[in-house]
Amino acid sequence: MSATDRTPRTPAPLARRRLLAGMAAGAAVLTAGGCARGAGTSAQPGTTSISNDNATWDDGYRAAGRALKKITGYELRPLSNPSVTSYQQVVQMTLQTSKASDLVKWASGYQLKRLARAGGLTDLTGVWERYADRGWLRRASKEAVFYRGKAYGIPLYESYYVLFYSKPLFRRLGLKAPASWDELMHCAEVLQRHKVTPFLASQVGGWPATEWFQEFVSKVDPQFYRRLVAGRASYTDEPARRAMELWHDFQRKGWMTSPDFDQARGPGALKEGTVGMFLHGTWQAAGMSAAGIEPGKDYGAFILPTVRPSTPRSVITESGVFAVPSRAASHGAAMKNVGAWLSPSVQRVWSDFLQDSSANPKVAASNPVVAALQGDIAREHRLPLVRYWESGPPSLIQGNTDDLGGFMAGQTSPVTTLRRMQERAHDEWAAWRRDEA
C-alpha cells in the first residue's frame, strides 16, 4: 500500500478520472477481444449465460443449472473472467448493449446500487416479493438489493464471517472454541506460548484488510457499526478508536501474521498447526475440503465474541447477487431462472457445492460446521450486519480499504488512519447524496 503518514491521499476528482480511464481501457479490451475472455454472450437454446469473476464456481453453476432446467427448461452457462478489475469494467461497458450476458454475478449493497443507478438492469421487485412471501429469503436482505424502492438483485448465497480453528491443535493444547472475549485472549496467549501464531490477518488482494476492521468495530458496538457504515457516525468516534486500539494491541503482541500472508495459504496453515485461527467468510469451507481438512473433525468455527458480555451479539453477513441486464439476449429465460434460483431443490445442489449457507433460510447447510453456525445465529438472535466491502459508496470503501492496508503494514497509526477514513467519508457521502438528489 502506498498510504503513509506523510503522503497526502489522492483527491477524489483525480481518483474518479483514473477510474474513467480504466473503464475506457476496459472498453478497448472488450472491443478487441469480446466479453468474458471472448466467450460468446449470444443466445444459445436451452441456456442462460452468467458473467462472473470466479471460475472455481463454474461446476457449481452447471450443477445448479441442471436442477434449474427441471423447473424452467434452461441450464446455466458460466462465462468467467478471472480478473476482478477487468470483469467489472466489461460488465459496466456492456450492460446497456446487445453484448450483455443474460445474468450477472455482482456484489450487493452499494456496489449493486451504483450499477442500478447507471441504468440497464431489470426491476426484480416482483421476483423478490414472491420469494419473501414463501419464506425463501430473509426480508432483512432488502436493504442490500433495493435501490430507490426497487429490487435489482436476487441473493446468490449467504456467508458469515467467522474464525475457523484447528480442532486437533486446540485439543492438544487443552483449548476450546472461545465463547467470551476473556476466553479468546486465553486461547491467543496459549497458542503464542506454543509458538503458534494465534490469528491470520492479511491485506493481500486489498479487500481482506477490511475483515478485522469490521469484526473489531462490530464486536465493540454493533449498533455503532450500523450507524458508521450508513454515514451517520464518525470514524473518529470512541467505538472506532477503541476497535483500532484493540487491533493495534493484537499486532504489538505478535498475535497476527504478517499482512503479506496470503489467505490462500490459510487452510494449509491450520492443517499444519502454524496458525491457530483464520478469520474469513464461511465460503472458505470449500477451501478447507480442498486442503483435505474434514469439517467437524479437523476444523470448527465460531463467531468472534463481543468485547463486553453485555454487548448485543452480531454477525457480519455477505451475499452476492444475480442481476438481469435489460438487454439480455435471452431475457425471458434469464427471468425464469432468476425466478426459480431460490427453489429448495436448486439451493440444495448449490449449497452442497459451496459447502456454505444458502440464501434460502429453509435450506440447511450440509456442512456440519456451517450448520452449527446457522443454529448459533438463530438461537442467539444475532444481529445481521452488512459486510464492510458492500456497506457504502464504492469509492469510499476502496479508499478506506487502502488506508486500512497501510495501517496493517505499519505505515499509519490508528489515529491517522481513522482521521483519513473520516475525511474521505465526509467527501464521498456528500458526493453520493448530491448525485441522489
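Biologist: What is the mean pLDDT of the protein chain?
Modeller: This is a predicted model. The mean pLDDT of the chain is 90. Of its residues, 90% reach 70 or more.

Biologist: And where is the pLDDT below 50?
Modeller: Over residues 1-39. In the model, that stretch has 57 contacts beyond near neighbours in sequence.

Biologist: How should I read coordinates where pLDDT is low?
Modeller: Not in detail.

Biologist: OK, sheets. What is the strand order in the open sheet of 5 strands?
Modeller: The order is β2-β1-β3-β12-β6. The pairing is mixed.

Biologist: Which strands stand at the edges?
Modeller: β2, residues 75-80, and β6, residues 154-155. Each has a single partner strand, so one side of each has no neighbour in the sheet.

Biologist: Do β1 and β3 pair in the parallel or the antiparallel sense?
Modeller: Parallel, over 2 bridges. β1 covers residues 47-52 and β3 covers residues 103-107. Take Ile50: its bridge partner in β3 is Leu103.

Biologist: How does the lining of the second largest pocket divide into nonpolar, polar and charged?
Modeller: Into 20 nonpolar, 8 polar and 11 charged residues.

Biologist: How many cavities of 30 Å³ or more does the search of the whole structure find?
Modeller: It finds 1. The largest cavity holds about 50 Å³ of space.

Biologist: What lines the largest cavity?
Modeller: 10 residues. Nearest its centre lie Val91, Thr94, Ala100, Ser101 and Val104. By type, the lining has 6 nonpolar, 3 polar and 1 charged.

Biologist: Backbone now. What is phi of Gln355?
Modeller: Near 60°. That is a positive value in a residue other than glycine. Gln355 lies in the loop between α15 (344-354) and α16.

Biologist: And where is His381?
Modeller: In the loop between α16 and β13. Phi of His381 is near 50°, again positive in a residue other than glycine.

Methods. Residues are numbered from 1 along each chain as its sequence is written. This is a predicted model: local features need pLDDT of at least 70, side-chain atom pairs count only at pLDDT 80 or more; totals for chains, interfaces and linings use all residues. Side-chain values use heavy atoms; hydrogens and water are left out. Ala, Val, Leu, Ile, Met, Phe, Trp, Tyr, Cys and Pro count as nonpolar, Asp, Glu, Lys and Arg as charged, and the others, Gly among them, as polar. Two strands pair if DSSP finds at least two bridges between them. Helices (H or I, at least four residues) and strands (E, at least two) are DSSP runs, numbered from the N terminus. pLDDT is the predictor's confidence in each residue, from 0 to 100. Contact means heavy atoms within 4.5 Å. On a 1 Å grid over the protein atoms alone, a cavity is a set of points where a 1.4 Å probe fits but cannot get out, and a pocket is an open set with protein on both sides within 12 Å along at least five of seven lines; lining residues have an atom within 4 Å of a point. Grid points are joined across faces, edges and corners, and a volume is the space filled by probe spheres set on the points.
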